[in-house]
Amino acid sequence: MAGLTVAALGVVGFLGYQAAATAPDHPTQARPGSHASQSKEKDKDRARQKKKSTALPAASGTGERVVYALDDKRVWLVGADGKATRTFEVGPSPASPDPGTYAVTSRNEGGVGSDGVQVEHVVVFHSEGGVVFGFSAAVDGSMPDPNARKRTGAVRESRADGSALWEFAEVGTKVVVIP
């Protein structure tokens, strides 16, 4: 029994010596072309791709319109020449409209949102199943809770962005919702 223990310890010691002899001098610095350096480059590429682009999406319609990108949580105000005049992030609510083309159906200078928050510059563009979808700015600057149980269609922007959208989107203005 003692012989087996000595032999096992010898094998483990030899393997440990071999591992130490072939390890890089600076383990935090991977050699060029090694798996670790390639992995770091892939991580950097993924991080760059995750950064949200503010460029107007190519498949967002034509002419004057408001473009709302659901996944990017971003809105673009696009002039008749097809160029974005402004873009900004928005806070979506628990319910989202289906991708498609809509038109502004009504506007209201202010009131109380479906989530009970005082809002201004309400621009409504769709209603479905009792949920009214529209852009608005909370007077207190708050954003909707995307995890709220109540299904609301409020798409919130800052007060400055709400003013810009209010000036841009008259009744009948096209609203293009993309994924």
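**Close-up views of a predicted model**

**View 1. Asp161 and Arg86 form a salt bridge, their closest N and O atoms being 2.8 Å apart.** A salt bridge here is a side-chain nitrogen of Lys or Arg within 4 Å of a carboxyl oxygen of Asp or Glu. Asp161 sits in helix H3 and Arg86 in strand S3, so this pair ties together parts 75 residues apart in sequence. Helices (H or I, at least four residues) and strands (E, at least two) are DSSP runs, numbered from the N terminus. Asp161 is buried, with a relative accessible area of 13%, while Arg86 is partly exposed at 33%. Buried means under 20% relative accessible area, exposed over 50%, and partly exposed in between (1.4 Å probe, protein chains only).

A note before the other views: this is a predicted model, in which local features need pLDDT of at least 70 and side-chain atom pairs count only at pLDDT 80 or more, whereas totals for chains, interfaces and linings use all residues. Residues are numbered from 1 along each chain as its sequence is written, and side-chain values use heavy atoms, with hydrogens and water left out.

**View 2. Two further salt bridges, from the four in the structure, are Glu89 with Arg74 and Arg156 with Asp115.** For Glu89 and Arg74, the closest N and O atoms are 3.5 Å apart. Glu89 belongs to strand S3 and Arg74 to strand S2, 15 residues apart. Glu89 is exposed at 57% relative accessibility, but Arg74 is buried at 8%. In the other pair, the closest N and O atoms of Arg156 and Asp115 are 3.0 Å apart. Because Arg156 lies in strand S8 and Asp115 in the loop between strand S5 (106-112) and S6, the pair ties together parts 41 residues apart in sequence. Arg156 is buried, at 1% relative accessible area, and Asp115 is partly exposed at 31%.

**View 3. The largest nonpolar core has 23 residues.** Such a core is a set of buried Ala, Val, Leu, Ile, Met, Phe, Trp, Tyr and Cys residues joined through side-chain atoms within 4.5 Å. Val66, Tyr68, Val75, Leu77, Phe135, Leu165 and Val175 touch the most other members. Strands S1 (65-69), S2 (74-78), S6 (118-128), S7 (131-138) and S9 (174-178), along with helix H3 (159-168), each supply at least two residues. Helix H3 gives the largest share of this core, four residues. A second, separate core of six residues includes Val67, Ala69, Trp76 and Val176.

**View 4. Ser93 is buried, with a relative accessible area of 6%.** Its place is in the loop between strand S3 (84-89) and strand S4 (100-103). A polar atom of the Ser93 side chain lies 2.4 Å from the backbone oxygen of Thr152, and one lies 3.2 Å from the backbone oxygen of Ala95. Leaving out residues up to four places away in sequence, Ser93 touches Pro144, Pro146, Thr152, Gly153 and Ala154, where contact means heavy atoms within 4.5 Å. The C-alpha atoms of Ser93 and Asp145 are separated by 6.2 Å, although these residues are 52 apart along the chain.

View 5. Most residues other than glycine have a negative phi. Lys73 is partly exposed at 42% relative accessibility, whereas His121 is buried at 15%.

Conventions. Polar contact = N/O pair within 3.5 Å; in protein donor to acceptor, adjacent residues only side chain to side chain.
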